[in-house]
Amino acid sequence: MAAASFELPLRLGRSSSVRAFRQPRCSIGRAISCPFSVACFVTGRLARSPSIKFKKGSVGPLIQCAQSNSSASTSPEFESPTAESCVNMGLSLFSKGRVKDALVQFDTALTLDPNPKEAQAALFNKACCHAYKNEGRKAADCLRTALREYGLKFGTILNDPDLASFRAMPEFKELQEEARLGGEDIGYGFRRDLKLISEVQAPFRGIRKFFYVALTAAAGISLLFTIPRLLLAFKGGEDAPDIWDTSINAAINVGGIIVLGGLFLWENNKEEEQLAQITRNETLSRLPIRLSTNRIIELVQLRDTARPVILAGNKETVDLAMRKAERFRNELVRRGIILVPVVWGEGQGVFVEKKKGFGASPKAESSLPSIGEEFEERAQSVVAKSKIKAEIRFRTQVVSPAEWERWIRDQQKAENITPGEDVYIILRLDGRVRKSGRGMPDWQEIVKEVPSMDAFLSKLER
């Protein structure tokens, strides 16, 4: 996939009406660059203190706020609230589990004439609060406004851990489909990014469509000149053209318009199918798994180092497939095969573990080194890849199973498979789908088909 870099500067600047302070870790947004131009929020917890005053540190500015159940402090330092102060106060309240109070602060921020970045941060964090409360429709409305009016990148929604519960809801699927198609209600940024990737994968489609349009226009112009001649031929007379030749010319032009128009529509349909597949591939790349060392990574971090095989079905079927794979363990490991079992129903009822504050817990953050780092550094770093490669074992465990189930069901619909059937999906080294089918895989056949990691064909997949 083509990589494009996007900036989503969500760190709020110093306010002119308040004194700026620094804290060891503040709530900021950082941007990452990925094969799909994905940006993400990395949020920290605010230090607790009766007056919420922060000592000077080495990370971004934050305002001084007073903790109160009613209103902000009326001290000279804080004469009136600002959009920035309300966003930061909302993050502080959410970090303490006071979601309703945080929502009030974010709503207030939107009424205080925020600049675009402040409004974007308020809407996004408001959506995270609604997702925490499993209010999918309200979360989607906030994100839709941020996408349309304030330039939020859809990759942020795909990547942010606080929206894991939202990504497992049907409202996310609706929002993603709207973003893929583009329009005034959602913006064209996401679709534009998809089309860039599509052009890389099918570089001559644009040229073909141009010739289809040009030749169709030429046939149409020729038909305009042929129709009067055909009418004269039907009327007859000394100067009338030959009716047979004129009819053949008209038929050729009409046939050309029909054929070329049909080819153009076919290319458009293929492009839409490709954009839908790219969207699914990008969603898949952001899904988290837990390695045998208990480290949590995104699937995209296995690119060039492993070929994940997703086994989806009921518990008995998946367990049986895993046991059969053990017989070919050495051969499968040589081919970079890593098993990703997904059991139907594991994600029902619980979208995401309830936690206080935005972002992952400190323990989770230590196991998610990719979040907040530049994608190019993460994807191209030899050290990072060698560490992940060393930690890869034969089996993994899915994180956020509801998200995994939703993605697999979408993939089944795209391949005309009844959602909920037992299926397997084998990925290439570049992260795209290599092969899929009903039931569980024949491991002996996979050993014959998939080349070893040091083979020439494996280098072509990278």
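**Close-up views of a predicted model**

Figure 1. At 1% relative accessibility, Ser165 counts as buried. The model shown is predicted. Ser165 belongs to helix 6, which covers residues 164-167. The cut-off for a polar contact is 3.5 Å.

**Figure 2. The chain as a whole.** The chain has 462 residues, and 49% of them count as buried. Its secondary structure comes to 18 helices and eleven strands. Contacts between residues at least 6 apart in sequence were examined. Of these, 70% join residues at least 24 apart.

**Figure 3. Helix 2 against helix 3.** Helix 2 spans residues 99-110, and helix 3 spans residues 116-132. Their axes come within 9 Å and cross at roughly 155°. An angle over 145 degrees counts as roughly antiparallel. Helix 2 and helix 3 are therefore roughly antiparallel to each other. Their crossing is left-handed. Helix 2 brings Val99, Ala102, Leu103, Phe106, Asp107, Ala109 and Leu110 to the contact. Helix 3 meets them with Ala119, Ala122, Leu123, Asn125, Lys126, Cys129, His130 and Tyr132. By class, the residues of this contact are eleven nonpolar, two polar and two charged.

**Figure 4. Helix 4 against helix 7.** Helix 4 runs over residues 136-149, and helix 7 over residues 170-181. The two pack at an angle of about 20°, with their axes 9 Å apart. Angles under 35 degrees count as roughly parallel. Helix 4 and helix 7 are therefore roughly parallel to each other. Here the crossing is right-handed. On helix 4, the contact residues are Gly136, Arg137, Ala140, Leu143, Arg144 and Leu147. They meet Glu171, Glu174, Leu175 and Glu178 of helix 7. The residues of this contact divide into four nonpolar, one polar and five charged.

**Figure 5. Helix 9 against helix 10.** Helix 9 takes in residues 205-235, and helix 10 takes in residues 243-285. They pack at about 155°, and their axes are 8 Å apart. That angle makes helix 9 roughly antiparallel to helix 10. Helix 9 passes helix 10 in a left-handed crossing. The contact of helix 9 with helix 10 involves 15 nonpolar, eleven polar and seven charged residues.

**Figure 6. Asn134, a residue with positive phi.** Most residues other than glycine have a negative phi. Asn134 is not a glycine, yet its phi is positive, at about 60°. Asn134 sits in the loop between helix 3 and helix 4. At 40% relative accessibility, Asn134 counts as partly exposed.

**Figure 7. Ser400, with positive phi in a loop.** Ser400 has a positive phi of about 55° and is not a glycine. Ser400 has 13% relative accessibility. The cut-off for buried is under 20% relative accessible area. Ser400 therefore counts as buried.

**Figure 8. Ser95 and the backbone of Ser92.** Ser95 is part of helix 1, which spans residues 83-95. Its relative accessibility is 5%, so Ser95 counts as buried. A polar atom of the Ser95 side chain lies 2.5 Å from the backbone oxygen of Ser92.

**Figure 9. Thr156 and Phe124.** Thr156 lies in helix 5, residues 154-159. With a relative accessible area of 0%, Thr156 is buried. Thr156 and Phe124 are 32 residues apart along the chain. Their C-alpha atoms are separated by 9.4 Å.

Technical notes:
Residues numbered from 1 in each chain as written. Predicted model: local features only at pLDDT ≥ 70, side-chain atom pairs only at ≥ 80, totals over all residues. Heavy atoms only, no water. Axes fitted to C-alpha atoms, helices over the stretch in contact; angles between N-to-C directions. Helix = DSSP H or I, 4+ residues; strand = E, 2+ residues; numbered from the N terminus. Parallel < 35°, antiparallel > 145°, perpendicular 65-115°, else oblique. Left-handed = near helix turned anticlockwise from the far one by under 90°. Contact = heavy atoms within 4.5 Å. Nonpolar A, V, L, I, M, F, W, Y, C, P; charged D, E, K, R; others polar. Buried < 20%, exposed > 50% of the residue type's maximum accessible area, 1.4 Å probe, protein only. Polar contact = N/O pair within 3.5 Å; in protein donor to acceptor, adjacent residues only side chain to side chain.
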